[in-house]
Structures are given as C-alpha cells and as structure tokens.
Amino acid sequence: PHIYIMTDEYVEEIPDKENYMTSTFRVKTKESSHEVVGEISLRGRGNTTWRYDKKPYRLKFSEKVSICGMEAQKNYVLIAHYLDPTLMSNPIAFKMAKLLGMPYVNSAVPVEVTLNGKYRGAYMLTEDIGMRKTSVNLDEENSILFEIDTNYDEEWQFTSSKFNLPVMVKDPDMTQELFDYWKADFEAFEKEFAVDPIANSNYADYIDLTSLANFFIVQNMTGNQEICHPKSIYLYKTKGSKDTMAPV
C-alpha cells in the first residue's frame with residue numbers, strides 16, 4: 001500500500017513532535033486505487049529515531065478509521081526503519097511475540113509513504129501504544145501502563161528507589177492520589193528483585209513469570225539494545241493481579 005499525505009500548509013518536512021498539522025490522507029492499494037480516507041492531524045514522533053533524516057510520524061483521525069485491514073482506530077504511527085536496512089526487525093519481533101502468545105502485540109503493515117509530493121520510502125504502519133481497545137485493552141479505572149524510558153517525557157514520572165529506573169505512566173490519566181498508589185506498588189515489586197532471588201525473594205508473587213521469560217526471549221532473539229538504556233520498555237498491571245511485561 002502507498003500512503004499519500006498532503007499538509008494544508010506546505011512544508012518540506014514535519015517540523016516537530018509537539019504540534020499537529022492538518023493534512024489530507026489517501027491510501028492506494030491493489031484493491032482500491034483511490035481509497036480516500038480524509039483529513040488527519042499529523043506530527044512527528046519518536047526520540048532517537050526523530051534525529052535522523054527519515055522521520056517517523058504520528059497520525060490522528062477525528063473518528064475511528066480502518067487502514068489496510070487494521071482494526072478501526074483513531075491513532076496510528078508510521079515507523080521509519082531508518083536504522084534497519086532489512087525493514088524487518090520490528091515485524092519479526094511482533095511475529096515472535098504472537099507465536100509466544102504475548103498480549104497486545106502491535107500490527108506491522110509495510111507501506112510506502114509520499115509526503116507533500118516527495119517520496120519518503122518504506123515505512124511500517126502500526127498502532128500507537130496506549131490503553132485503548134486497539135492497543136492495551138484494559139480497564140482504565142483499575143489498571144496502569146508503565147513505560148520505562150530514559151527520555152522521561154511523560155507528565156507523570158518517577159525514578160525508582162532501588163534501581164534508579166526512569167519510570168513513567170503511559171496511561172491512563174492520573175490524579176496525585178492514584179499516582180502515589182501505583183508508584184508504591186511498582187516499588188514494592190522492584191524491591192523483590194533487589195534481594196537474592198533464590199534465598200528469600202517473593203518476586204514471583206509480583207510479576208507474571210511467563211511474560212517475563214517471553215519478553216527476554218524476544219529481546220535476545222532480535223538483539224534489541226533498548227533494554228540496556230532502557231527505552232520503550234512497557235509493562236502493565238490491573239489491581240489484584242501481577243505485573244505483565246508487554247507490549248513488546
């Protein structure tokens with residue numbers, strides 16, 4: 001599929017990651033040569049990947065739309081794969097995660113992108129990670145999605161007490177009381193990893209061990225270095241259950 005995007009105000013490149021630009025959006029596929037989807041809001045995305053010549057993008061529709069057979073949703077992202085000449089590292093990781101039965105695995109649709117008449121190359125169309133039906137489908141009243149990332153760019157964040165991890169709340173929206181609850185819960189979980197796991201740790205009471213094992217299988221098999229920084233590491237929890245390492 002080939003995605004064509006035209007911003008209302010012409011630019012050579014999307015200028016930043018904060019401000020959305022109103023744009024028109026069209027998809028050309030084998031099934032439909034002129035599948036016009038309509039108006040979108042467009043901005044940059046990513047952290048390290050935003051620094052390179054080939055930019056990743058965030059797409060936001062005013063209502064749920066299905067693109068290229070994906071489940072209808074408002075939020076999509078276009079991953080540039082600038083550092084991956086095979087264009088396959090993310091799709092292979094997602095495929096592995098699905099074969100392992102991991103929850104909330106992203107789609108990976110290969111597309112080509114033209115922005116304002118200029119061909120930008122091969123991209124991957126996928127979901128924007130968050131607590132919503134098409135991503136991490138959890139009850140926002142009783143659940144949380146953490147992101148561990150040195151970019152430290154979410155509103156609610158803390159440095160964990162034992163391992164100095166840069167922990168952020170990806171979703172849902174927080175109050176101070178709720179944030180304090182989840183911070184204490186995370187640090188209780190982390191505390192169990194700070195002791196001898198054979199001698200006296202109860203870490204298995206806090207984390208789903210299958211999800212932990214599968215998470216490390218995917219990280220190691222794909223040679224993902226982001227766990228070392230760390231960046232883009234997600235885990236979620238619902239009250240009364242264990243922490244789960246996902247989505248990859």
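Strand β5 (residues 73–79) runs antiparallel to β7, the two being paired over four bridges, where strands are DSSP E runs of at least two residues, helices are H or I runs of at least four, and both are numbered from the N terminus, and where pairing requires that DSSP finds at least two bridges between two strands. This is a predicted model, in which local features need pLDDT of at least 70 and side-chain atom pairs count only at pLDDT 80 or more, while totals for chains, interfaces and linings use all residues. Residues are numbered from 1 along each chain as its sequence is written, and side-chain values use heavy atoms, with hydrogens and water left out.

The strands β6 and β7 form a hairpin with two residues between them, and asparagine 116 in the turn has a positive phi of about 50 degrees. Strand β7 (residues 118–127) is largely enclosed by the rest of the structure, because seven of its ten residues are buried, that is, under 20% relative accessible area with a 1.4 Å probe and protein chains only, as against over 50% for exposed and in between for partly exposed.

In helix α3 (residues 209–221) lies asparagine 214, which counts as buried because its relative accessibility is 10%. Apart from its neighbours within four places in sequence, asparagine 214 is in contact (heavy atoms within 4.5 Å) with Leu100 and Met102.

The helix α2 returns in the lining of the second largest pocket, to which α2 gives the most, with four residues, and α2, α3 and β11 each supply at least two residues. By class, this lining has 16 nonpolar, no polar and one charged residues, with Ala, Val, Leu, Ile, Met, Phe, Trp, Tyr, Cys and Pro counted as nonpolar, Asp, Glu, Lys and Arg as charged, and the others, Gly among them, as polar.
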